[in-house]
Amino acid sequence: MAEKTSTRGTPISSILLLIVGLLTGFIGGYAIARQGAPATPVTFNSGNQTANCPHALDAADAPVLEGLICPAPNCSDPVLTCHCATAHQIQDQAKALLAEGKTHEEARQAIVAQYFN
């Protein structure tokens, strides 16, 4: 009689192959994710704003955006401390209005009219 041979590998070799594949995927994913990581860590000052953020307002100009919540979808952070694109746009707009010579109240009214109505 002819012997039957199995075309499947041993269960141990299948498990080892699975483990090697998973490890390769994790290592590859980690390497790809690290390529987009910031070069310097984000640090926070006492005002809970990012110290290195070019969009952040000076402490003297903070009343312009004080108490406003970011209008971006799925965001509920204060505009002063939020770092989404919408908040950065609002912070930059506030800086521009103040640079034009607007008072804090005039700049706040313009921001509220443009982004919050």
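I started with the cysteines and searched the whole structure, a predicted model, for disulfides; the search finds 0. Cysteine 75 is in no disulfide, and the nearest cysteine sulfur, at 3.5 Å, belongs to cysteine 82. I also looked up cysteine 84, and that one is in no disulfide either: its nearest cysteine sulfur is that of cysteine 70, 3.4 Å away. A reminder to myself: a disulfide is a covalent bond between the sulfur atoms of two cysteines.

Cysteine 84 has a relative accessible area of 23% and is partly exposed. The cut-off for buried is under 20%.

**The chain as a whole**

Next I stepped back to the overall layout. I find 3 helices and 0 strands in the protein chain, and from the N terminus on the order is α-α-α. The chain has 117 residues, of which buried ones make up 21%. I then checked contacts between residues at least 6 apart in sequence: 46% of them join residues at least 24 apart.

**Helix H3**

I turned to H3, which covers residues 104-115. Its 12 residues reach 16 Å from the first C-alpha to the last, close to the 16 Å expected at 1.5 Å a residue. Which residues of H3 are buried? I noted Ala107, Ile111 and Tyr115. They cover an arc of only 40 degrees around the axis, which puts them on the same side of H3. What do the buried residues of H3 pack against? My note says helix H2, residues 85-99.

**The core**

The largest nonpolar core holds 19 residues, and Val64, Leu65, Cys70 and Ile111 touch the most other members. H2 and H3 are the elements that give two or more residues to this core. H2 gives the most, with 5 residues.

I followed up leucine 65. Leaving out residues up to four places away in sequence, leucine 65 touches Leu57, Val79, Leu80, Ile90, Gln91, Ala94, Arg108 and Ile111.

**Glutamine 91**

Glutamine 91 was on the leucine 65 list, and I looked it up in turn. Glutamine 91 is in helix H2 and counts as buried, at 1% relative accessibility. What does its side chain reach? The side chain of glutamine 91 comes to 2.5 Å from the backbone oxygen of valine 79. Setting aside neighbours within four places in sequence, I listed the contacts of glutamine 91 as His55, Ala56, Leu57, Leu65, Val79, Leu80 and Cys82.

**Alanine 56**

My last entry is for alanine 56, one of the contacts of glutamine 91. Where does alanine 56 lie? I placed alanine 56 in the loop between helix H1 (11-35) and H2. At 15% relative accessibility, alanine 56 counts as buried. I also checked its separation from threonine 81, which is 25 residues apart from alanine 56 along the chain: their C-alpha atoms are separated by 7.9 Å.

Conventions:
Residues are numbered from 1 along each chain as its sequence is written. This is a predicted model: local features need pLDDT of at least 70, side-chain atom pairs count only at pLDDT 80 or more; totals for chains, interfaces and linings use all residues. Side-chain values use heavy atoms; hydrogens and water are left out. Helices (H or I, at least four residues) and strands (E, at least two) are DSSP runs, numbered from the N terminus. The expected span of a helix is 1.5 Å times one less than its number of residues. Buried means under 20% relative accessible area, exposed over 50%, partly exposed in between (1.4 Å probe, protein chains only). The arc is that of the directions from the helix axis to the C-beta atoms. Contact means heavy atoms within 4.5 Å. A disulfide is a pair of cysteine sulfur atoms within 2.5 Å. A nonpolar core is a set of buried Ala, Val, Leu, Ile, Met, Phe, Trp, Tyr and Cys residues joined through side-chain atoms within 4.5 Å. A polar contact is a pair of N or O atoms within 3.5 Å; within protein, one must be able to donate a hydrogen and the other to accept it, and residues adjacent in sequence count only if both atoms are side-chain atoms.
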